[in-house]
Amino acid sequence: MKIEPLTKASFAPFGDVIEIDGATHYPINQGFAERFNDLARVDVGEVNISIVSANPRPKPIALNLMERHPLGSQIFYPLQDRPWLVVVCVEPQDAKSFRAFRATGRQGINYSRNTWHFPLLVLEGESRFLVVDRKGPGTNLEEMWIDEIRLDVP
């Protein structure tokens, strides 16, 4: 599987890329701040905002579990400027449907409801992410173990 750059067009079937490049923006706070607006379509109902701290996995990365969230979207936005990886698929049992993206440390993603994805993949030491997802009743996590796919990361 080739790792491709994360772009709004390439990631559109799976959700939103959250970045300020090309976003609608305007000055606020008497001109001392700039607001970049409408960056993702949050689909969660009751909102949960958290911070997740993640560590790199051994390389090559063993992709053996995919997950999705049937009751709401899920946002990951890095809190440091370090590249990280996003792996998604259309069908977990079809290795040809997998796609891997390299996100910059200035790009977040919003997985659409029911998008199959691998858990958070960071490339450098402890990395923190702001996470926005659903809280409330019901099971919003579905996991599927798969035949292992190896992801070589340069």
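A word on naming to begin with: helices (H or I, at least four residues) and strands (E, at least two) are DSSP runs, numbered from the N terminus. What you're looking at is a predicted model, where local features need pLDDT of at least 70, side-chain atom pairs count only at pLDDT 80 or more, and totals for chains, interfaces and linings use all residues. Residues are numbered from 1 along each chain as its sequence is written, and side-chain values use heavy atoms, with hydrogens and water left out.

Start with the open sheet: five strands, in the order β2-β10-β7-β13-β5, with antiparallel pairing. Two strands count as paired if DSSP finds at least two bridges between them. The edges belong to β2 (15-18) and β5 (47-54); each has a single partner strand, so one side of each is left without a neighbour in the sheet. From one strand to the next, the twist averages 15 degrees (axes are lines fitted to C-alpha atoms, for helices over the stretch in contact, and angles run from 0 to 180 degrees between N-to-C directions).

Now zoom in on β7 (residues 74-78) and β10 (residues 108-111), which run antiparallel and are joined by three bridges. Here F76 stands opposite I109 in β10.

On to the loops. Between β5 and β6 (61-68) you'll find P60, and the peptide bond joining K59 to P60 is cis, with omega about -5 degrees.

The loop between β3 (24-28) and β4 (33-37) holds N29, a non-glycine with a positive phi of about 55 degrees. Q30 lies in the loop between β3 and β4, and its phi is also positive, near 55 degrees, in a residue other than glycine. How exposed are they? N29 has 48% relative accessibility, so it counts as partly exposed, while Q30, at 74%, counts as exposed (buried means under 20% relative accessible area, exposed over 50%, partly exposed in between, with a 1.4 Å probe and protein chains only).
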